[in-house]
Amino acid sequence: MKQEQNFERELPSGYRQAKYINAKNAKFGLLFNLIALLVFALVMVVAVLLLRGKGDFSFAEDVFMNDYYFLALLVFCIVMVGYVVLHELVHGIAYKALTGEKLTFGISWSCAFCGVPHIYTYRRTAMISVVAPFAVFTLLFLPLLILFYFISPMCFLFCAAIFGLHVGGCSGDLYVLALFLFRFRDKRTLMRDTGPEQYFCVPQE
Ligand SMILES: [Zn+2]
């Protein structure tokens, strides 16, 4: 499919704006950060329960007294910063591959973001670009989690923390995906994504 078929430069006549979301909005930003925190907490609870299920797990011995605890903590911090950058880069790669248009990257009080602000992308393009980081990093982290579960409780917990922050941090992206799956199911739906803001536009019937 040619890139031009994935988007419109102008909103075609007969379209109307049906929904607008803004991650910089105080309520929206707080709500999604709260959801992210809850998801993170839930993942950590499940991770600890899984380790306890193995029977021979002790926080003090297996994590805090591990010779490599501070190294693991350092690696965790580096991976977290790298993750935020790579997450936005994956959005960008998908948008770039599908549209070839100029991207915008940034960071605000509530989130880091990537958008393609000068065009309106069709539903399929928007969905792929929005969900790409969730799909890529979930597929990357899951095998690591399984591996660490069997070899190192400490690495498993750090990896679970990264996974929890990843899934929680994707809550805004997953909300946009859910809007497409359940509300904007017409493939002619267009989305303008400035990064923190998304405008959903649908043909007027
Ligand atoms: Zn994202």
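The legends below describe an overall view and close-up views of a predicted model.

**Figure 1. Overall view of the protein chain, with 6 helices and 6 strands.**
Along the sequence these elements follow the order β-β-α-α-α-β-β-α-α-α-β-β. The C-alpha trace spans about 65 × 30 × 30 Å along its principal axes. Of the 205 residues in the protein chain, 32% are buried. Where contacts join residues at least 6 apart in sequence, 76% of them link residues at least 24 apart.

**Figure 2. Close-up of the crossing of helices α4 and α5.**
Helix α4 covers residues 123-151 and helix α5 covers residues 153-169. Their axes come within 9 Å and cross at roughly 160°. An angle over 145 degrees counts as roughly antiparallel, and α4 and α5 are therefore roughly antiparallel to each other. The crossing is left-handed.

**Figure 3. Close-up of the residues in the contact of α4 with α5.**
Helix α4 contributes F137, F141, L144, L145, F148 and Y149. From α5 come C155, F156, C159, A160, I162, F163 and H166. By class, the residues of this contact comprise 12 nonpolar and 1 polar, with no charged residue.

**Figure 4**
Strand β3 runs over residues 104-107, and strand β4 over residues 112-122. The two strands pair in the antiparallel sense, over 4 bridges. I107 stands opposite A112 in β4.

Note on methods. Residues numbered from 1 in each chain as written. Predicted model: local features only at pLDDT ≥ 70, side-chain atom pairs only at ≥ 80, totals over all residues. Axes fitted to C-alpha atoms, helices over the stretch in contact; angles between N-to-C directions. Parallel < 35°, antiparallel > 145°, perpendicular 65-115°, else oblique. Left-handed = near helix turned anticlockwise from the far one by under 90°. Contact = placed C-beta atoms within 7 Å. Nonpolar A, V, L, I, M, F, W, Y, C, P; charged D, E, K, R; others polar. Pairing = 2+ DSSP bridges. Buried ≥ 20, exposed ≤ 12 C-beta atoms within 10 Å, placed from the backbone.
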